[in-house]
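Here is a short report on one structure. Please read it with the model open.

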Amino acid sequence: MEINKYHFVCRNCGNKIDGFPQWFNEGQKCSACNKNWVDVKYSNDYLKLPDLINNRAGHPDSLFHYFDYLPLVDRNNIITEGEGVIPVDRWKFLEEFAYQYYNLEITVLAYRNDTNPGTGTFKDVAAAVAASVLKENGISDYCVASTGNIANAFAHYLALAGISLSVFIPEDALAANEAGVGCYGQRVFRVKGDYSLAKHLCAEFSKKHKIHMSGGNIDPARVEAKKTQVFEWLRQLGYVPDVYIQALAGGTGPIAIHKGLEDIRHLKLFEKEPRYVLIQASGCNPMTMAWDQAKKEGFSEGWKNRFPILEHPLTRIPTLANGNPQTYPILANLVHSTEGEFLTFNEELHVDVARLVAFETSVRIGPAAAIAVGGFFEALKTNTLRDGERVMINIGEGMHRAPELLDKMRYTTQNVATIEECLPSNRNDYRHQLYASFTP
Ligand SMILES: Cc1ncc(COP(=O)(O)O)c(C=O)c1O
Ligand SMILES: [Zn+2]
């Protein structure tokens, strides 16, 4: 199939690849240099984008509103449930907090990926595009290693496309994640080890059975899908936020945002790239460790390639348990060049965060999203945020990803036997206690 709409360019050697047909044929790597990080280029140079984000092209019903800038040729192959066009809420309670305790006047935006219709995480967009791409390329078997959410989203969307999926999850993955894959008839391999072992076995499985494997954080389908969030911000807000906060495992989010912005720089639709403030959970924070060390050493020669590898990280947030951060050099570059930060949030407090958010907004967030919101408090504490900034927090997942968390969110229960014990209460009385973990 000759494609005119898009092609890949190898980021290592510049080799031109004729899109996904050639990519899959050649084992998802550049045949000239064997590397697997490519840039997806579109022949019409985003000329339609200004119309798409001005809503002149009609209100979007999914991220495929941006079909012209996705690596897909035939609209008939689109697999969608309406993901990717999600609200950007304003969370004034965090603005007020920042003002009261840190004297900062900032705007706080919550990017509500928990409202995605597939599985309620920001992996839905990636999975919808991946499923569509696989369908278009006649692929009927696929495999992926995952700490949880990407597996769920792929299981869901590939099932919609009639594609069989084998999922490799680490032994500590949440039961709800395993169930969320298995319920669609997709195969789960729960490995006796951590995410690194899951990735290793998945790669072996892929080789042995000649089944294509998801390319991880730099997979072109995933990056192209997540890139569309930039277009949505421009459409909904008219600007790109000054700061982007996300819970971090492998970092597809920032990689994709950067790619989206680079793609459209010539259109002059935004002023500057956001400062990436990326948050790791305290139980698994190799990137923050590497960054803190680099800072101490004054970012000395070769710092971007120095990072620890944590064997069997122990964390309460298994979704973020990526102990071997192979994407660190890419992310370190993005964080450094935008004057961002890698921060660690004390994961013991993730339930407190989730309670506070539910109290103030009625939004029930999942554990990984709680790390992102917790990272906002950490950013305040470390003077990372600047007066006047518009700060976006990626609410990457909703509560139903982790029923265990909901279970821990009870705090108002009183056991009673007689009517005398049942007194009316005022929910505002909880407010002080809910903020206690975060007030300086
Ligand atoms: C809700 C949520 N936030 C953040 C992350 C981390 O994403 P990334 O791997 O792109 O860093 C994940 C990964 O599964 C996630 O599900
Ligand atoms: Zn190459």
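How do the residues of the shell around ligand 1 divide into nonpolar, polar and charged? The shell holds 7 nonpolar, 10 polar and 2 charged residues. Here Ala, Val, Leu, Ile, Met, Phe, Trp, Tyr, Cys and Pro count as nonpolar, Asp, Glu, Lys and Arg as charged, and the others, Gly among them, as polar.

This is a predicted model: local features need pLDDT of at least 70, side-chain atom pairs count only at pLDDT 80 or more, and totals for chains, interfaces and linings use all residues. Residues are numbered from 1 along each chain as its sequence is written, while chains are lettered from A and ligands numbered from 1 in the order in which they are written.

**Ligand shell.** In all, 19 residues surround ligand 1, and the closest are Asn149, Gly250, Ala368, Gly396 and Glu397. A residue is near a molecule if its C-beta atom, placed from the backbone, lies within 6 Å of it. Two or more shell residues come from each of α5 (149-160), α9 (252-264) and α13 (367-381). Helices (H or I, at least four residues) and strands (E, at least two) are DSSP runs, numbered from the N terminus.

**Sheet.** An open sheet of 6 strands runs in the order β4-β5-β13-β10-β11-β12, with mixed pairing. Strands pair if DSSP finds at least two bridges between them. β4 (88-90) and β12 are the edge strands, each pairing on one side only. From one strand to the next, the twist averages 25 degrees. Two of the pairings are set out below.

| Strands | Sense | Bridges |
|---|---|---|
| β11 (275-281) and β12 | parallel | 5 bridges |
| β10 (243-247) and β13 (390-395) | parallel | 3 bridges |

Val277 stands opposite Glu341 in β12. Ile245 faces Ile393 in β13.

Is β12 (341-345) buried or exposed? All 5 of its 5 residues are buried, that is, 20 or more other C-beta atoms lie within 10 Å of their own. Glu341, Leu343 and Phe345 cover one side, and Phe342 and Thr344 the other. Helix α10 (286-296) lies across β11 and β12, at about 125 degrees to β12. Angles run from 0 to 180 degrees between N-to-C directions, with axes fitted to C-alpha atoms.

**Helix pair.** The axes of α12 (350-361) and α13 come within 9 Å and cross at roughly 85 degrees. That makes α12 roughly perpendicular to α13, a label for angles of 65 to 115 degrees. In α12, His350, Val353, Ala354 and Val357 meet Pro367, Ala370, Ile371, Val373 and Gly374 of α13. Contact requires C-beta atoms within 7 Å. The contact counts 7 nonpolar, 2 polar and no charged residues.

Definitions and conventions: A residue is buried if 20 or more other C-beta atoms lie within 10 Å of its own, exposed if 12 or fewer, and partly exposed in between; C-beta atoms are placed from the backbone. Two residues are in contact if their C-beta atoms, placed from the backbone, lie within 7 Å. Angles under 35 degrees count as roughly parallel, over 145 as roughly antiparallel, 65 to 115 as roughly perpendicular and the rest as oblique.
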